[in-house]
Amino acid sequence: MSTPVESDEPTRRDFIHIATGAALVAGVGFYAWPLVDQMNPSADTLSLATVEFDISSLEEGAQVVAKWRGKPVFIRYRTATEIAEAEALDISVLKDKQTDSERLVPGPDGKLKPQFLVAVGICTHLGCVPLFDPKDSKGGEYGGWFCPCHGSHYDNSGRIRKGPAPTNLVIPPYWYMTDTVIQIGKEALV
Amino acid sequence: MSGQSNYNPKTGIEKWLDARLPIIRLGVDTMIFPSPRNLNYWWTFGAILAVMLVSQLITGIILAMHYIPHPDMAFDSVQHINRDINFGWMLQPMHAVGASMMFLAVYIHMFRGIYYGSHKNPREMIWIVGMVIYLLMMATGFMGYVLPWGQMSIWGAIVITNLFSAIPPEAAGTAVTQWLWGGFTVDGPTLNRFFSLHYLLPFLIVAMVALHIWALHIPSNNNPTGISIKTKADTLNFHPYYTVKDAFAIAVFLMIFSYFLFFKPDSMGHPDNFIPANPYSTPAHIVPEWYYLPFYAILRAVPDKLMGVITMFASIGVLFILPWLDISKVRSMRYRPLAKQFFFLFVLACLGLGWAGAKLPSDLVFATGVDADGHAVGLTFVWMSRLLTVYYFAFFLVILPLLGLLEKPKPRPASIEASVLGTDKGEV
């Protein structure tokens, strides 16, 4: 064997160093991802993704709470006065600009059902369940919901009107399977 | 550790061991190292914290033998510990009250550090490692409070994990929260992983405490004068002088701990945590444990969600860079007449923020009159939080740097010895 000559040319040893380093980085990545991903929602959690709910027993002016993915979903049967109030609002005053009809989905006949508002009952600030009680004004200053944790007020369309919450109550994906049954967790197939 | 060693192995077996595993040397040099001779009782909280950490580890390991981290059983298993397990009535509150006592001690320890300039050159790394310990304590305390799975547990967990939803969904905010929860909200998977991490983090704290003490052994303790050790006459050996002083303080501290443990075990908690967790009903008034209240007040002081979260984290982050904000060359505020006053205002601001954090934002601190509907109006707690938050940040970012430039400190004694013996006329 001859003595190695000093040279700036890459050698076989440089190649081995780089290849080993690259394999190590990729290997650590492949090893780390399962350790991170195991914390994401598991298959059985994901499989509980839809629920069906019969709204025929609701009374006008009342609200029921459906449970979907461990979260409360408000289903509110709004009165004609409330609907008129929600529709009349000039949305330029809103933090999260949405008209009332943008927050509804059509029934089987293709027409909106403004009497039923369906919204995830979780304050968009820090996740508390806002209160609803039309009888003793616990629903906040705008006739919708009031979050007791940090004082967010929502109107009866679930739109944020006052307080720290950044966005309106989330409308979950849902559709009318029949005139009186909704399925939450899935959108209508168009 | 710093330079020469105080250990001379005498017997053959000690010499044999010292040549192979110098563990006795490590212990001796940790305990027998020169400390300033003028340390006052504010310096005993480090040892108190070490005792509390060991107590938390022991009681925690015991509780884990009986606790069940399952959403259907966690609440009942804590009741089972309290009612059925032998001495469970004592061990469970010892852990829960112990957490409060540990935070009490750590806050005194931190205020002492700020007052006497213990964060300054050459002790910046001691301070920073200490802040890492404090952050780990906050994470550990938070996850521990979730484990009993009462109403405050679950709603505390929901509110705190939702801090990460301040990250916009398009910037992975939703992905982060679902990853933390292991679902679509706080539920069984969250409880189980919090239990796992609550068991892990205290051991990281132990490792960080080792670094904290190691870093302390390089420059030795700061002291009430803030003057560096110059001669041997300025010092006493840690053992027996400060081991005994610390032991006395620990005994007094444990008496206070025992009062709460045996007579008021639930006074630091919230009655709503005796209601099993219900993810469909938020308690009317969610408050965190008392030791997080000032930060909770800062969070609520800001009307914008993302900015509120950023401000809250910044209020802790600013402590990490304190050594470079408090630029005065004089360490101890004993010789800084202005800094001393601003410091006491800062302590009051922290207490005031804690008070505001415990109240509803719209509650009144004091009323100044009534409005047209007859409702009282005046200074609300949210406004008090805002004023105090401004002072909190101004203290670090404006007052301390300016005082470093403008303040005229009082004369310092020539040495620690001179200060103790009163032989130096320079001391005021």
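**Notes on the predicted two-chain model**

1. Starting with helix α10 of chain B: Phe238(B), Tyr242(B), Asp246(B), Phe253(B) and Phe257(B) are its buried residues. Keep in mind throughout that this is a predicted model. The helix covers residues 238-263, 26 residues in total. From first C-alpha to last it reaches 35 Å, close to the 38 Å expected at 1.5 Å a residue. As for what sits over those buried positions, the cover includes α2 (23-31), β1 (34-36), α3, α5 (88-115) and β2 (235-237) of chain B.

2. Next, α9(B). This helix has 29 residues and reaches 42 Å between its first and last C-alpha, close to the 42 Å expected at 1.5 Å a residue. Its buried residues are Thr190(B), Leu191(B), Phe194(B), Phe195(B), His198(B), Ile205(B), His212(B) and Leu216(B). They pack against α3 (45-64), α4 (74-83), α6 (124-146), α7 and α8, with each of these helices belonging to chain B.

3. Now the interface. In chain B, 28 residues are in contact with 22 residues of chain A. On the chain B side, α7 (151-161), α8 (173-181), α9 (188-216) and α12 (305-320) each supply at least two residues. The biggest contributor there is α7(B), which gives three residues. Sorted by class, the side of chain B that touches chain A has 13 nonpolar, ten polar and five charged residues.

4. The hydrophobic packing deserves a look too. The largest nonpolar core has 51 residues, and Val73(A), Cys128(A) and Val159(B) touch the most other members. Its largest share, seven residues, comes from α7(B). Which residues does Cys128(A) touch, not counting residues up to four places away in sequence? In chain A they are Cys123(A), Cys147(A), Pro148(A) and Cys149(A); from chain B come Trp155(B), Val159(B), Thr282(B) and Ile286(B). Apart from the core lies another, of 27 residues, among them Tyr292(B), Leu293(B), Leu388(B) and Phe395(B).

5. Chain B has domain 1 (1-32) and domain 2 (41-288), with C-alpha centres 33 Å apart. Their contact takes four residues from domain 1 of chain B and six residues from domain 2 of chain B. By class, the domain 1 side of that contact has three nonpolar, one polar and no charged residues. In chain A the assignment gives domain 1 (9-40) and domain 2 (45-184), and here the C-alpha centres lie 49 Å apart.

6. Is Phe343(B) buried or partly exposed? Phe343(B) counts as partly exposed, because it has 18 C-beta neighbours inside 10 Å, and being buried takes 20 or more. Not counting residues up to four places away in sequence, Phe343(B) touches Ile114(B), Tyr115(B) and Met333(B). With Tyr115(B), the C-alpha to C-alpha distance is 7.0 Å, although Phe343(B) and Tyr115(B) are 228 residues apart in sequence.

Note on methods:
Residues are numbered from 1 along each chain as its sequence is written. Chains are lettered from A and ligands numbered from 1 in the order in which they are written. This is a predicted model: local features need pLDDT of at least 70, side-chain atom pairs count only at pLDDT 80 or more; totals for chains, interfaces and linings use all residues. Two residues are in contact if their C-beta atoms, placed from the backbone, lie within 7 Å. Helices (H or I, at least four residues) and strands (E, at least two) are DSSP runs, numbered from the N terminus. Ala, Val, Leu, Ile, Met, Phe, Trp, Tyr, Cys and Pro count as nonpolar, Asp, Glu, Lys and Arg as charged, and the others, Gly among them, as polar. Domain bounds come from an automatic or database domain assignment. The expected span of a helix is 1.5 Å times one less than its number of residues. A residue is buried if 20 or more other C-beta atoms lie within 10 Å of its own, exposed if 12 or fewer, and partly exposed in between; C-beta atoms are placed from the backbone. A nonpolar core is a set of buried Ala, Val, Leu, Ile, Met, Phe, Trp, Tyr and Cys residues joined through C-beta atoms within 7 Å.
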